[in-house]
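Notebook open, model loaded. I'll jot down what I look up, roughly in the order I get to it.

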Amino acid sequence: MPNNTVKKTIYFLTNNIHKYEEVKPIAEKYGFQIEMCNDAEKMEIQSNDLLEIAKYAALHAYAKIGKPLMVEDAGLFVHALNGFPGPYSSYVFKTIGYQGILKLLEDTEERKASFRSAVVLIHEPFIITCIGETTGYITTSPRGNRGFGFDPIFVPNDSSKTFAEMTINEKNMFSHRAKAVECAFKKLRKMTELGLKTGISNSIDDK
Ligand code: IMP
């Protein structure tokens with residue numbers, strides 16, 4: 001007898017345990033289990049476009065492992081800095097950290113910022129892409145000790161807490177990543193239900 005409770009696996013190309021923990025409950029809701037897949041093979045092209053970066057990495061990884069997989073690329077876009085660090089968030093975090101961003105905004109009252117996430121999910125015969133965005137503001141000092149990256153300095157709209165003060169469930173109610181991942185699984189379910197034989201989905205906002 002086949003075991004119907006066995007979930008299908010999607011390999012998530014990341015070394016970031018926090019991202020894995022955020023994505024896991026969303027995938028489970030849609031009947032998938034997520035397995036972290038070492039991103040040593042992750043090909044990072046230089047681009048101003050998060051989705052281009054994620055697409056390239058996903059196709060490159062798929063050519064190697066040939067299994068259902070997901071790539072997610074995110075960045076913090078600070079309005080007063082004309083969208084910096086954006087696609088360069090990883091490098092900026094490694095070099096100047098969130099303290100560096102606070103310093104750059106020291107004399108600025110304009111604190112508006114947004115996080116964006118680009119997800120590419122390859123599940124034959126589908127290649128699904130989604131963007132998630134969360135707008136909020138940059139605090140004047142760090143708060144909270146959960147999460148990762150710029151979490152301690154970002155407060156999403158309609159919240160008084162930084163991402164670093166939230167549990168994973170709370171962060172998932174607001175986050176750019178949760179929006180993009182949720183969108184990707186919804187599209188996968190819809191395309192599968194429609195019995196489509198192939199598909200490349202690019203739209204940002206269809207639910
Ligand atoms: P990545 O390329 O998707 O790993 O993201 C680039 C950088 O953006 C990371 O190194 C983090 O510093 C930052 N970042 C991405 N997503 C988040 C988030 O959800 N919270 C805080 N920082 C994030």
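Where is the place of proline 125? I found proline 125 in the loop between β5 and β6.

Ground rules before going on. I'm working on a predicted model, where local features need pLDDT of at least 70, side-chain atom pairs count only at pLDDT 80 or more, and totals for chains, interfaces and linings use all residues. Residue numbers start from 1 along each chain as its sequence is written.

Most residues other than glycine have a negative phi, and most peptide bonds are trans. The bond from glutamate 124 into proline 125 is cis, with omega near 10°. Another cis peptide bond links phenylalanine 84 to proline 85, with omega about 0°. Proline 85 sits in strand β4 (residues 85–86).

Then phi. Asparagine 82, in the loop between β3 and β4, has a positive phi near 55°. Aspartate 158 has a positive phi as well, near 70°, and belongs to the loop between β7 (154–156) and α5 (168–174). For exposure I count other C-beta atoms, placed from the backbone, within 10 Å of a residue's own: 20 or more is buried, 12 or fewer is exposed, and in between is partly exposed. Asparagine 82 comes out exposed, because I count 8 such atoms. Aspartate 158 has 10, so I log that residue as exposed too.

**Entry: overall layout**

I counted six helices and eight strands in the chain. Along the sequence they run β-α-β-α-β-β-α-α-β-β-β-α-α-β. The chain has 207 residues, and 39% of them count as buried. For contacts I use C-beta atoms, placed from the backbone, within 7 Å of each other. Of the contacts between residues at least 6 apart in sequence, 60% join residues at least 24 apart.

**Entry: cores**

A nonpolar core here is a set of buried Ala, Val, Leu, Ile, Met, Phe, Trp, Tyr and Cys residues joined through C-beta atoms within 7 Å. The largest has 32 residues, and Ala54, Leu69, Val71, Val119 and Ala184 touch the most other members. Elements that each supply at least two residues of this core include β1 (8–13), α2 (50–65), β5 (112–123) and α6 (176–193). A separate core of 16 residues includes Ile101, Ala113, Phe154 and Ala164.

Not counting residues up to four places away in sequence, valine 119 touches Ala54, Met70, Glu72, Thr129, Cys130, Ala180, Val181 and Ala184. Valine 119 and alanine 54 are 65 residues apart in sequence, yet their C-alpha atoms are 6.7 Å apart.

I also listed partners for leucine 69, leaving aside neighbours within four places in sequence: Ile10, Tyr11, Leu13, Cys37, Ala58, Ala61, Tyr62 and Ile122.

**Entry: α1 against α6**

The axes of α1 and α6 come within 10 Å and cross at roughly 35°. I take axes as lines fitted to C-alpha atoms, for helices over the stretch in contact, with angles from 0 to 180 degrees between N-to-C directions. On the α1 side I noted Lys19, Glu22, Val23, Ile26 and Ala27, which meet Arg177, Ala178, Val181, Glu182 and Phe185 in α6. The residues of this contact split into six nonpolar, no polar and four charged. In that tally, Ala, Val, Leu, Ile, Met, Phe, Trp, Tyr, Cys and Pro are nonpolar, Asp, Glu, Lys and Arg charged, and the others, Gly among them, polar.

Also in helix α1 is glutamate 28. With 13 other C-beta atoms within 10 Å, glutamate 28 is partly exposed.

**Entry: ligand shell**

Last stop. I found 16 residues around the ligand, the closest being Ala74, Ser89, Ser90, Phe93 and Gly149. My cut-off for the shell is a C-beta atom, placed from the backbone, within 6 Å. Both β3 and α3 (89–95) give two or more residues to the shell, and β3 gives the most, with four. By class, I get seven nonpolar, six polar and three charged.

Conventions. Two residues are in contact if their C-beta atoms, placed from the backbone, lie within 7 Å.
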